[in-house]
Every structure is written in structure tokens, then in C-alpha cells.
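Thanks, everyone. Let me put the model up, and then we'll walk through it piece by piece.

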Amino acid sequence: MKPDLHLDDHDQHLLDGGEGPAMQLAMKLVTQAARIMDAERLIDVSFAHIDACFYSGRAHLDFVNYLLAHDAKLSVPSWTNTGLVSLADPSLREDGTIAHEARELMQAYERLGCKPVWTCAPYQLPGRPNLGDHIVGSESNAVTFYNSVIGARTNKYGDFLDVAAALTGRVPDAGLHRDQARRAQLVFSLENIPEFFRREDLFFHLLGHFAGARSGSRIPVFTGLPQSTSEDNLKAISAAIAASGGVALFHAAGITPEAPDLETACQGIDPEDIIPVMPADLIAARKSLSRAPDGVVNMVALGTPHFSYTEFEALTPLLEGRHVAANCKLLITTSRYVRDLIAAKGWQELLEKSGAEIVVDTCSYFSPTLRGMTGRVMTNSAKWAYYAPGMLPVEVTFGSLRECAETAIAGENWRDRALADAKIGAAS
Amino acid sequence: MSKNWFQGEILHAGDANGPLLVLDEPLSFWGGFDPLTGTILDQHHPQAGETVGDKILALRETRGSAGTPAAIAEAIRRGCGPLAFLLVKPDVNIVTGVSVAAHLYDKKVPVIAILGNEFHQLQFVQTAKISPDGLVTCR
């Protein structure tokens with residue numbers, strides 16, 4: 001028996017068309033979702049991250065134009081995800097109807113009142129939500145990061161519903177908005193992984209990729225992540241675990257805010273499963289992400305999700321005074337906000353002098369292909385390595401940040417001996 | 001099969017009548033599906049290469065992706081989307097895409113939730129008819 005959905009007076013007012021047909025459509029989409037999710041009521045949200053600005057067809061544009069034509073008004077601060085094109089550099093993708101409409105779509109969301117941050121890592125910008133806030137997330141890595149690392153609460157809201165929720169300021173009281181749905185059900189323990197490797201940037205991508213595939217629809221908790229685990233590391237897990245497994249929330253005992261310890265993360269209930277992660281699991285994960293044989297590399301793609309200030313801080317000294325090989329390109333995707341920070345530091349100039357290209361507003365693994373993206377591509381992102389082979393005409397190889405930097409300079413795979421399979425497999 | 005009709009749960013009302021395409025695996029409508037042609041793109045999917053246009057599409061569930069509603073609405077707009085969806089697991093993304101298409105383009109594509117054993121029976125029939133009251137009749 002489905003529960004009844006109780007609407008408050010304002011919800012009903014919107015649904016009855018009291019604020020016009022666009023707000024009525026928005027409330028209809030929200031209440032329809034609430035019924036499918038068995039919610040009994042709607043709750044307020046304080047923030048939205050909008051994915052519907054990422055063009056995939058004319059319907060995207062028709063929807064927002066309808067909203068604009070019928071006086072739709074956002075109820076909460078709403079920030080934009082990446083767009084298909086870069087507004088800052090329109091020549092980045094082949095120009096045509098798609099690029100033109102993609103740009104029109106992005107501009108339409110600005111007119112609707114969204115803050116044009118154009119980033120899949122909005123959590124790197126100041127003014128992010130707080131622990132316990134109910135918000136609207138849409139892009140998968142951001143949903144997982146908000147839920148897991150910040151402890152804000154969101155389900156993964158698909159295109160149109162994300163906008164509808166931002167317009168009405170309401171979401172169904174269901175799923176990850178509720179305490180009991182946030183309980184860890186599955187433990188991944190890391191004591192079999194050598195301690196040195198648990199501090200490597202590469203490790204967090206491999207762990208996320210492995211755990212996503214093993215979690216199914218369950219919420220995992222990690223035990224044994226080091227205290228040095230950074231937000232960049234947690235971003236890597238968020239992106240990888242949401243790509244390989246659709247996991248929208250994970251916990252890390254002693255690290256993430258809802259998991260001061262294992263028992264709290266599990267809400268005092270015994271987990272269904274405990275999986276000891278073995279070195280062989282991570283070695284296999286690396287192999288599955290790194291399909292291309294070693295050899296000449298045509299491009300190195302960094303910044304999925306968008307490269308952070310601290311990642312630029314780590315990368316810049318690796319490239320300073322050196323130059324990317326003539327046969328290779330180094331592409332770094334980031335937000336305008338972070339680019340402005342690193343420009344002020346002088347790092348952008350240093351990196352560009354080394355031959356790196358810094359791209360804002362968009363991401364590099366989507367079709368149509370970015371200019372110059374062909375042949376064999378190396379990335380430090382498990383998410384990029386997971387999606388790109390199906391979307392782009394490229395071969396993918398995967399490595400650590402340092403391996404990516406050295407590879408860009410050499411123009412062919414450079415492998416860090418300290419991260420060799422035998423080193424990971426050795427007893428800690 | 002034991003009976004040739006069953007009563008589904010209406011997630012989005014409408015009527016449809018046509019050949020059935022029953023998916024053996026869940027599908028991601030973003031990345032795994034081309035909304036310009038209605039073709040299943042995911043090379044790992046057993047029915048890769050099949051088109052969903054002018055068919056009643058039965059699937060247990062989707063692989064969730066934020067891009068799903070827009071892909072569905074775009075396929076419907078272009079006339080290469082399914083005539084109707086039959087789902088075992090009710091899906092917010094599909095209903096959102098279908099609702100937006102109905103609102104913007106006045107094209108009504110029913111979405112009906114059915115039971116797992118009913119889904120299983122669909123493998124043995126060729127065509128189906130969906131009535132506005134959610135009745136699914138198989139032939």
C-alpha cells in the first residue's frame with residue numbers, strides 16, 4: 001500500500017498553477033517523483049547543483065526556454081555543472097549545431113538565475129553546503145562527494161527534476177535525505193594494503209573503482225584509510241565509485257563526518273558483509289583501467305572531476321622549467337574559480353609555458369571529441385578511464401599524477417617503479 | 001502463459017499498441033542509448049544495435065544516470081522513442097523524461113509498473129496493448 005503524499009499549502013498552490021505553468025510543471029515533476037519514491041511529504045532544500053545545463057539534445061533547450069517564457073523563478077542558490085562546450089573557448093569542440101545549441105543552453109541557465117560556475121566539482125568553491133543540509137545534487141561525483149565528504153544530503157536527481165527541485169525548493173522526503181537510508185551496509189577493510197600505498201593518489205582511484213563494482217546498491221564504509229586522506233583523495237573515490245557502481249554515499253571510518261567510527265557509520269547494526277581489499281584487487285583494477293599497451297602517448301588528460309587548487313599545487317613543480325613532448329598534449333580541465341586562483345599564483349603561466357593547456361567550463365571525456373584528442377591518452381582519473389573508451393575514439397592508459405606528468409614530458413608511458421605491482425603486493 | 005492480461009500500476013498514463021521489445025539487461029539511457037536514432041549503443045548490452053522506436057519497451061530497470069530524462073525526452077521529441085515503457089522497478093528518471101515530453105511536445109508515452117513474474121511472461125509474447133487504465137493485454 002503506497003503512503004499518501006501530504007502537500008503543504010504552498011506546494012498545492014504551485015501544483016494548482018498559482019505561480020504559472022512553469023512552476024506548476026516543476027511541482028508536478030517533484031510530486032510525481034515523490035509518489036514513485038513513496039515519500040509522505042516534501043522537504044525544503046537550501047542549494048542545488050544543476051546538471052540540465054549539459055546539452056544532449058534539443059529537448060534540453062526547449063525545457064529551459066519554456067521555463068524562461070513562463071516566469072519560472074529559482075527558490076534556492078543554484079550552481080551550474082559543466083557544459084558540453086567551454087564558454088571561455090568556443091573553438092575547443094568542432095563548431096556546429098550541437099556546439100551552438102549547447103552554448104545557448106548554458107546561457108539560458110544563466111538567464112534563469114543560476115550561478116555560472118560550470119564545474120563538476122562545485123564543492124571546491126567557497127560557500128558550499130554544511131553537514132546535514134538537504135540539497136539537490138545531480139552529477140554523480142558531486143552527489144557522492146556532497147553526501148559522503150560533506151555530509152549534506154541528496155539523492156541523485158536527474159535532468160529536469162534537478163531544475164524542478166531548485167525552482168520549487170522542495171524534494172521528496174525519501175532516500176538519502178533520511179537517516180536510516182544512510183547506514184553503511186558493507187565494510188571494505190584495508191589492512192592488507194601496504195601503508196605506503198594507502199597514501200598514494202593513485203590508490204584512491206583504484207579503491208573507488210574496485211569498491212563501486214563490488215557494492216551494487218549498498219552503502220560501503222572503508223576502514224583503514226590514513227589520517228592524511230585529503231579532499232582530493234576523497235574526490236577520487238567519489239568519482240570512481242559513482243562511475244563503476246552508482247554508489248551515491250560512502251563512509252570512511254575516522255575520516256568522513258558521519259563515520260567517527262565504524263559502529264556509528266553502521267548505525268549500530270551489523271554490516272551485511274566485510275570485504276578485505278587485497279593488493280591483487282587493486283592490481284586488477286589498475287589493469288582494467290589501463291587497457292592500452294605502453295608506448296607513445298598522444299595526450300595526457302587531467303582534471304576529472306575538475307582539478308583542484310591543491311592538485312595544481314602538486315603538479316606545478318613537476319612541470320616547472322620542463323616541456324611537454326612535441327608529440328603529446330597535456331590538457332587540464334578545471335573551474336574558472338580555481339583557474340583564477342592559480343593564475344594569481346603565477347602557476348597558470350608556468351604550466352602554459354611548459355606546454356600544458358588549461359580548459360575551463362567543460363570536461364574532456366565527452367563526445368564530440370575535444371580538439372587534439374586522439375590516439376593514446378593517459379589519465380590519472382579512474383572515472384575518465386572508465387567512460388572515455390565508450391565515448392571517444394581513443395585508447396586509454398591510467399597512471400598516478402606523477403606518472404601522468406612524466407609521461408607528458410617523455411611523450412611515452414613513464415612508469416613509477418615505486419608503484420609497480422610487485423611493490424603493492426609485497427607485505428607492508 | 002496463464003492469462004493474457006494484467007493490471008499494471010500507472011506511473012504515467014496513456015495508451016499504446018505495438019510490438020514488444022523485452023530487454024534482457026538493464027539499460028543506461030545516457031551513454032548506452034542514442035536519443036537521435038533510438039538505438040541501444042552500449043556494446044556490453046545483449047541487445048546492442050536494436051532500436052526502440054515504435055515499440056513497447058519492457059525492462060526490469062534502468063542503470064541510473066542524471067542524463068536519462070533528457071535522453072528519453074529527446075528520443076520522444078524526434079519520434080524515435082518507445083511507444084510505452086513497462087518497468088518492474090518504478091523509475092523516477094523515465095517518468096520525468098516522459099512527463100517533460102508530454103508537456104512540451106504533447107506526445108503521451110505511458111509508463112506502467114508491472115510485477116517480476118509478469119515481466120517474465122512478456123518474453124513469450126510478440127505484441128501488447130496498453131489501455132489508459134493501466135491494463136496490459138498481450139497477444
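One term before we start: a residue counts as buried when its relative accessible area is under 20%. And keep in mind that this is a predicted model.

Start in chain A, with strand β12, residues 375–379. How many of its five residues are buried? Four, so by that under 20% cut-off β12(A) is mostly covered.

Now its pairing. Strand β9 of chain A, residues 299–302, runs parallel to β12(A), with three bridges. Look at V300(A): its bridge partner in β12(A) is M378(A).

β12(A) also pairs with strand β13 of chain A, residues 394–398. That pairing is parallel too, over five bridges. Here G375(A) sits opposite V394(A) of β13(A).

Over to chain B. There is an open sheet of eight strands, with mixed pairing. Read the order with me: β1-β10-β9-β3-β6-β7-β8-β2. The edges are β1, residues 5–7, and β2, residues 9–12, of chain B, and each of them pairs on one side only. From one strand to the next, the twist averages 30 degrees.

Strand β3 of chain B, residues 16–22, and strand β9 of chain B, residues 127–130, run antiparallel. Four bridges join them. N17(B) has K129(B) as its bridge partner in β9(B).

Next, helix α1 of chain B, residues 68–78. Is it largely enclosed or open, and why? Nine of its eleven residues are buried, so the rest of the structure largely encloses it. Among the buried ones are T68(B), P69(B), I72(B), E74(B) and I76(B).

What do those buried residues of α1(B) pack against? Within chain B, β4 (33–34), β7 (84–87) and α2 (92–105). From chain A, α3 (58–69). Just after the helix α1(B), G79(B) has a positive phi of about 80 degrees.

That brings us to the contact between the chains. Chain B gives 26 residues to it, and chain A gives 26 residues. The area buried between chain B and chain A is about 2,000 Å². Carbon and sulfur atoms give 71% of that area.

Definitions and conventions
Residues are numbered from 1 along each chain as its sequence is written. Chains are lettered from A and ligands numbered from 1 in the order in which they are written. This is a predicted model: local features need pLDDT of at least 70, side-chain atom pairs count only at pLDDT 80 or more; totals for chains, interfaces and linings use all residues. Side-chain values use heavy atoms; hydrogens and water are left out. Buried means under 20% relative accessible area, exposed over 50%, partly exposed in between (1.4 Å probe, protein chains only). Helices (H or I, at least four residues) and strands (E, at least two) are DSSP runs, numbered from the N terminus. Two strands pair if DSSP finds at least two bridges between them. Axes are lines fitted to C-alpha atoms, for helices over the stretch in contact, and angles run from 0 to 180 degrees between N-to-C directions. Contact means heavy atoms within 4.5 Å. Buried area is the accessible area (1.4 Å probe) that two parts lose on being put together, summed over both.
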